[in-house]
Amino acid sequence: MALSFAFATVILSIICGWKLLNWIWLKPKKLEKYLRQKGFSGNSYRLFHGDTKEISRMTIEAMSKPISLSDDIVPRILPFQHHIISKYGKNSFMWAGPTPNIIITDPNLIREIICTHEIFRKPNGNPLGKLIVQGMALYYDDHWSKIRKIANPAFHMEKLKDLLPEMYTSCKEMVEKWKILVSKEESCDLDVWPDVQILTSDVISRTAFGSNFEEGRQIFQLIKKQVYILIHLLQYVYVPGWRFLPTAINRKVKSNYKEMQTLIKVIINKREEELKVGKDCNNDLLDLLLESNHRAIQQKEDGMSLQEVIEECKLFYIAGQETTASLLASTMVLLSMHPHWQERAREEVFRVLGNKVPKFDDLNQLKIVTQILYEVLRLYPPAAMFSRMNIKETKIGELVLPAGVMFSLPIVLVHRDPEYWGDDAEEFNPDRFSQGISKATKNNQVAFFPFSWGPRICIGQNFALMEAKLALAMILQNFSFQLSPNYTHAPARMINLHPQFGVHLILHKI
């Protein structure tokens, strides 16, 4: 008996040892040889860590110093990817631990990867990330189809119109605050970044939770803390099983998660009770989601569970707050750098709106404002890079790859590539979008992906653009602005692009 147990232990140890050897050395070296044979170049694989130590070092170094207004932002926000492409060319790869990470800059291949979502999926990363946010952005197959179908009605343009008054209330609060500051001396030197973050957080709180937006604020503060923890964790190679250890960071993530679950459950259960007794819908995103979910269940379709509703509420914040805050901050910086475009946008706003409260149809007439927002999304896309991993053997371009290979899609590089955008690709020129997105690039190539592409394009893109148009129009109605001497140009990549040292502007009263 003892001999049999010892023999089984030896066999199990050999099997585990072989799997470990294959994971950390044999498979990576085999893939490296294959990629080089296919014309791809990159650093030689280094045991277990790959390029992660160098990635971390270069990221810290890039974040340690600002850049000038005329500098390319790519070396600062994607320092290692920029380094690899500069050294090895566009056909290059890097190492995420023992996993090869192929950099894809061809728009056709990017579209293929993004649209073939049944094969190319977002990497799982650190499992603790699931305690921060999941939602439809991380679902696939039938699960994704179910959630997307239920959520779609809440984001139809006709429904978004009803959310405009709530957005206006939040924008007005910020504008009134700035008016008070400016009125003292006709101008004011102000870091607008905290106020922009409060604005977009307030908008998503009001539009998602309506009368419960104060509770929404508490939830979103917890989510924000979770996001910063996740950013820290993603800098390291995840060791399987690490999340079960009672470390301080693991305990904090789980504690925040439980508190969020409790807060959101209270709001949802209250709404469910109101729906049962026939109380009118508030037309906020949560009510629209629950209403659509009830309709699906009544039609004998598969509805959403309470946990799925909770995850969509959390996703509302991540997508709805971070993206628009990044877009508005970058827009104010670029309009400060290009005052003639600021003036053109202001002239259009006064021509269309005068001093009246913006209506939904008015926002659609702001063509120059729309061009400016598109150009900002091109040069400073909130999501500077997407990552995907194939879940089974597949062919991409000339490569036939086994499951488990990562792909980096550096959207910001494609958005700035002269091959697709012309010799002025690095310049701020909203006129390139004067005939729409489809004709903005050379030979009408599809090379614009700020909200992803294809069937899984961001469901909230119309929400984000409507909010950005409204906020920018109201700012232009009341203020002119320029960069402050205190402004430091330091775009940084966290979950989304954001100004590392704030957005210090001088606001002038109109």
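Reader: How does α7 pass α8, right-handed or left-handed?
Author: The crossing of α7 over α8 is right-handed. Keep in mind that this is a predicted model.

Reader: Which residues make the contact?
Author: On α7, they include L163, M167, S170, M174 and W178. On α8, V196, L199, V203 and R206 are among them.

Reader: At what angle do the axes of α7 and α8 cross?
Author: Roughly 155°, and the axes come within 9 Å. Angles over 145 degrees count as roughly antiparallel, so α7 is roughly antiparallel to α8. Helix α8 covers residues 193–209.

Reader: Which residues of α7 are buried?
Author: L160, L163, L164, M167, S170, C171, M174, V175, W178 and V182.

Reader: Why might residues three or four places apart point the same way?
Author: An α-helix has 3.6 residues a turn, so residues at that spacing face the same way.

Reader: Where does α7 bend?
Author: At L163, by about 35°. A proline, P165, follows within four residues. L163 is also buried, and it is one of the α7 residues in the contact with α8.

Reader: New topic. Where is K254 found?
Author: In helix α10, residues 248–276. K254 has 31% relative accessibility, so it counts as partly exposed.

Reader: How far apart are K254 and F40 in space?
Author: 41 Å, C-alpha to C-alpha. In sequence, K254 and F40 are 214 residues apart.

Methods:
Residues numbered from 1 in each chain as written. Predicted model: local features only at pLDDT ≥ 70, side-chain atom pairs only at ≥ 80, totals over all residues. Heavy atoms only, no water. Bend = angle between axes of the 7 residues up to and from the residue. Helix = DSSP H or I, 4+ residues; strand = E, 2+ residues; numbered from the N terminus. Buried < 20%, exposed > 50% of the residue type's maximum accessible area, 1.4 Å probe, protein only. Axes fitted to C-alpha atoms, helices over the stretch in contact; angles between N-to-C directions. Parallel < 35°, antiparallel > 145°, perpendicular 65-115°, else oblique. Left-handed = near helix turned anticlockwise from the far one by under 90°. Contact = heavy atoms within 4.5 Å.
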